[in-house]
Amino acid sequence: MNVNYISYVALTKEFLPFFQSEKDTPTSFIYTSSNLALVPILRCSNYCASKAALHHWILCLREQLKETNIRVIEVFPPIVETELHDPKHQPDMAETVKGRFGIPVGQFTKEVSFSSFLICTCAADLVV
Ligand SMILES: NC(=O)c1ccc[n+]([C@@H]2O[C@H](COP(=O)([O-])OP(=O)(O)OC[C@H]3O[C@@H](n4cnc5c(N)ncnc54)[C@H](OP(=O)(O)O)[C@@H]3O)[C@@H](O)[C@H]2O)c1
């Protein structure tokens, strides 16, 4: 909860007054969420719950800031091969995935991140 939820709330609280003071400068808060915020899986219930907390908080923040210069964007990445899936972090998956799970980071940054950003931006517009 500290890393996936409380840190986002604390950082946003610290940055918000400055962002609000720059009324003529369009800006954004961009948060890394997870599809598991929406559809939980059994083997990592706490992770899912922490991301769900972040997701619902983001929905409220976006509504609270809708008349301001600040946009609120939530990114839902696909499964990406990062240290998150290393056996040291997820020993129960070590045998199954052998440390390789998801698309390579390079592929994600080249092919997916820009389109994900566009999708999330459009989704943010729809929610607003
Ligand atoms: N990879 C995926 O498949 C996937 C899918 C959906 C969402 N996400 C989300 O994407 C984000 C990035 O994950 P990732 O896959 O890039 O994982 P990662 O490679 O394990 O990176 C996690 C980062 O968080 C930092 N971190 C962890 N605990 C911290 C703490 N207490 N204080 C400060 N920094 C801390 C780590 O710092 P150190 O390197 O110093 O430990 C590391 O830089 C996460 O929010 C994750 O939930 C990932």
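Predicted model: local features only at pLDDT ≥ 70, side-chain atom pairs only at ≥ 80, totals over all residues.
The buried residues of H2 are Cys48, Ser50, Lys51, Leu54 and Ile58. Viewed along the axis of H2, these buried residues fall within an arc of 160 degrees, so they line one face of the helix. An α-helix has 3.6 residues a turn, so residues three or four places apart point the same way. The cover over the buried residues of H2 includes helix H1 (2–21), strand E1 (27–32) and E2. H2 itself has 20 residues, and the span from its first C-alpha to its last is 29 Å, close to the 28 Å expected at 1.5 Å a residue.

The largest nonpolar core consists of six residues, namely Ala37, Cys48, Leu54, Ile58, Ile70 and Val72. At least two residues of this core come from each of helix H2 (45–64) and strand E2 (70–75). H2 gives the most to the core, with three residues. For Cys48, the contacts other than those with neighbours within four places in sequence are with Leu36, Ala37, Pro40 and Ile41. Ala37, one of these contacts, is also a member of the core.

The chain as a whole contains four helices and four strands. From the N terminus on, these elements follow the order α-β-α-β-β-α-β-α. Of the 128 residues of the chain, 9% count as buried. Among contacts between residues at least 6 apart in sequence, 56% join residues at least 24 apart.

When residues up to four places away in sequence are not counted, Met1 touches Ile6 and Ser50. Ser50 is one of the buried residues of H2. The C-alpha atoms of Met1 and Tyr47 are 8.0 Å apart in space, whereas the two residues are 46 residues apart in sequence.

The residues around the ligand are Val3, Thr32, Ser34, Pro77, Ile79, Val80, Thr82, Glu83, Leu84 and Gly102. By residue class, this shell divides into five nonpolar, four polar and one charged.

Definitions and conventions. Residues numbered from 1 in each chain as written. Core = buried A, V, L, I, M, F, W, Y, C linked by C-beta atoms within 7 Å. Buried ≥ 20, exposed ≤ 12 C-beta atoms within 10 Å, placed from the backbone. Contact = placed C-beta atoms within 7 Å. Near = placed C-beta within 6 Å. Nonpolar A, V, L, I, M, F, W, Y, C, P; charged D, E, K, R; others polar. Expected span 1.5 Å × (residues − 1). Arc of directions from axis to C-beta.
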